[in-house]
Amino acid sequence: MATMESLIVTVNRIQRACTVLGDHGGDTNLPTLWEALPSVVVVGGQSSGKSSVLESIVGRDFLPRGSGIVTRRPLVLQLHKTERGLQEYGEFLHLPKKKFTDFSMVRKEIQDETDRMTGKSKQISPVPIHLSIYSPNVVNLTLIDLPGLTKVAVEGQPESIVQDIESMVRSYVEKPNCIILAITPANQDIATSDAIKLSREVDPTGERTFGVLTKLDLMDKGTNAIDVLEGRAYPLQHPWVGIVNRSQADIKKNVDMIASRWKEREFFASSPDYGHLASKMGSEYLAKVLSKHLESVIRARLPGITSLINKSIEELEAELSHLGRSVAVDAGAQLYTILELCRAFDRIFKEHLDGGRPGGDRIYGVFDHQLPAALRKLPFDRHLSLQNIRKVVSEADGYQPHLIAPEQGYRRLIDGALNYFRGPAEASVDAVHFLLKELVRRSIAETQELKRFPTLQAEIAAAASEALERFREDSKKTTLRMVDMESSYLTVDFSRKLPQEVEKEIPFLRLWFIAK
Ligand SMILES: Nc1nc2c(ncn2[C@@H]2O[C@H](COP(=O)(O)OP(=O)(O)OP(=O)(O)O)[C@@H](O)[C@H]2O)c(=O)[nH]1
């Protein structure tokens with residue numbers, strides 16, 4: 001049996017690890033170990049007696065009380081049985097090593113930790129609070145206390161609170177590893193029990209549901225719940241357990257929990273209705289039944305839990321090896337890592353440009369195909385038609401016609417022709433710019449080392465893109481400046497080199513290349 005008890009303790013440790021790692025189940029698309037771990041979830045309507053049942057099981061008065069919705073975060077209560085005579089204490093996961101021997105301080109810490117997550121608002125939060133209680137008066141058992149199913153939002157709560165609570169409760173009870181502790185007050189019509197309605201919906205066979213009837217002592221005189229407790233009414237696979245907790249008056253009088261347990265035992269033992277069931281009633285019996293059932297569920301689920309843990313370890317180890325060595329902490333080493341990553345990107349980008357990876361050939365193609373093709377389309381034939389030449393020469397001469405060579409006319413003709421080059425020159429700069437941006441994107445994607453640093457990857461891409469934009473503007477200015485330089489200084493040699501037979505193709509293209 002000791003092995004089984006350490007089994008629950010082991011599952012408790014895994015559960016705490018899940019919460020530390022942010023895995024508390026719920027609607028995440030991340031793989032979750034939390035949901036594979038069996039636990040007992042306490043479900044009931046408002047003021048049904050959930051907190052009282054938990055305190056009766058623990059034998060300590062430690063839960064916050066008040067009107068409206070008091071429980072606003074799931075409370076994962078892990079009970080650890082200790083040797084008789086040892087001091088009882090509580091310990092929170094978010095305050096490791098701090099032992100709470102004063103259980104009124106446990107209540108205050110639950111309230112404070114709830115407010116830390118939800119603020120002073122009355123909001124609820126799915127992030128659980130982990131509380132471990134070490135006591136000789138408990139059994140090894142894990143219980144999760146959830147906000148009470150309510151019908152109305154109290155002031156300061158959004159209308160959606162009713163739905164929000166139900167969704168949170170559902171996210172727990174619908175999981176196959178969840179053992180449902182459905183709390184129903186006996187002094188209300190069980191047919192209207194929120195807990196029974198919900199458990200029947202998510203666990204129609206009742207194999208995961210334990211029905212608890214509280215407030216048996218408050219039933220109207222002459223009525224009893226014997227039909228339910230003996231399984232004739234609202235039958236469940238596991239027999240109902242009747243509980244008598246402290247009344248509000250007892251709470252006010254600070255009746256001791258252990259004394260309250262004694263009163264409960266007296267109630268059942270002396271009851272004419274329930275005397276014959278006394279050995280199977282009360283919070284102590286309920287705790288033992290739940291602990292034994294939890295052990296059997298853990299035992300049954302152990303192979304699945306083990307394989308899930310092993311699978312998670314393999315996946316995490318694979319991810320770790322993919323991520324590579326850990327990044328240094330000091331600034332100098334981090335800078336070195338960043339420079340190394342930049343060099344890796346630079347190396348790949350250069351290979352695209354200089355050869356070894358595709359890309360540079362397309363840039364060459366801009367000058368070897370696109371630019372000449374664009375120049376061939378320039379309207380030199382129209383610009384250099386006899387009609388236009390006459391027009392430009394006569395305009396250049398003004399009222400004094402040229403005597404020998406129409407030099408001014410020539411200059412204007414050549415200047416006008418060279419201006420046609422501006423468009424294709426700028427288009428070539430744009431084409432090369434587009435190709436370089438594409439090469440940056442591909443180089444970033446091909447730099448494996450950068451994959452584990454998405455932020456740095458984005459920063460390098462942004463810096464490279466910004467630099468290319470600057471270079472593009474500078475390149476356009478330089479290209480147009482070259483065209484202007486050529487057309488602003490036509491030497492005599494330029495004209496002398498003109499081919500004698502004006503070829504049909506592109507006289508000025510040949511003229512241009514000869515002049516260069
Ligand atoms: N007489 C008597 N009173 C009970 C019993 N169980 C709970 N109460 C009283 O019912 C009231 C509500 O009990 P809680 O344990 O706070 O109920 P709860 O479901 O935790 O309430 P919330 O979580 O705040 O919705 C308290 O005043 C309890 O003292 C019982 O078995 N007998």
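Predicted model: local features only at pLDDT ≥ 70, side-chain atom pairs only at ≥ 80, totals over all residues.

Modeller: The side chain of arginine 343 meets that of glutamate 340 in a salt bridge, at 2.7 Å from N to O. Glutamate 340 is partly exposed too, with a relative accessible area of 34%. Both sit in helix H10, and because they are three residues apart there, about one helical turn separates them.

Further along H10 there's another pair to look at. Aspartate 346 makes a salt bridge with lysine 350, and the closest N and O atoms are 3.0 Å apart. Here the spacing in H10 is four residues, so again about one helical turn lies between aspartate 346 and lysine 350. As for accessibility, aspartate 346 comes out partly exposed with a relative accessible area of 33%, and lysine 350 is partly exposed at 44%.

Salt bridges also link up elsewhere: through shared partners, Glu55, Asp61, Arg65, Arg107 and Arg246 are joined into one network. Another pair is aspartate 227 with arginine 232, whose closest N and O atoms are 2.9 Å apart. Aspartate 227 is partly exposed, with a relative accessible area of 39%, while arginine 232 counts as exposed at 51%; the cut-off for exposed is over 50%. With a 4 Å limit between the side-chain nitrogen and the carboxyl oxygen, the count comes to 30 salt bridges.

Back to H10 and its packing. Two packed helices are described by the angle between their axes and the distance between the axes. H10 covers residues 331-354, and its partner is helix H15, residues 422-446. Their axes are 9 Å apart, and the packing angle is about 135°. Angles over 145 degrees would count as roughly antiparallel and 65 to 115 as roughly perpendicular, so H10 and H15 are oblique to each other. The crossing of H10 past H15 is right-handed.

So which residues in H10 and H15 meet? On the H10 side you've got Phe345, Ile348, Phe349, His352 and Leu353. Facing them from H15 are Leu436, Leu439, Val440, Arg442, Ser443, Ile444 and Glu446. Sort the residues of that contact by type and you get eight nonpolar, two polar and two charged.

Technical notes: Residues numbered from 1 in each chain as written. Heavy atoms only, no water. Axes fitted to C-alpha atoms, helices over the stretch in contact; angles between N-to-C directions. Helix = DSSP H or I, 4+ residues; strand = E, 2+ residues; numbered from the N terminus. Parallel < 35°, antiparallel > 145°, perpendicular 65-115°, else oblique. Left-handed = near helix turned anticlockwise from the far one by under 90°. Contact = heavy atoms within 4.5 Å. Nonpolar A, V, L, I, M, F, W, Y, C, P; charged D, E, K, R; others polar. Buried < 20%, exposed > 50% of the residue type's maximum accessible area, 1.4 Å probe, protein only.
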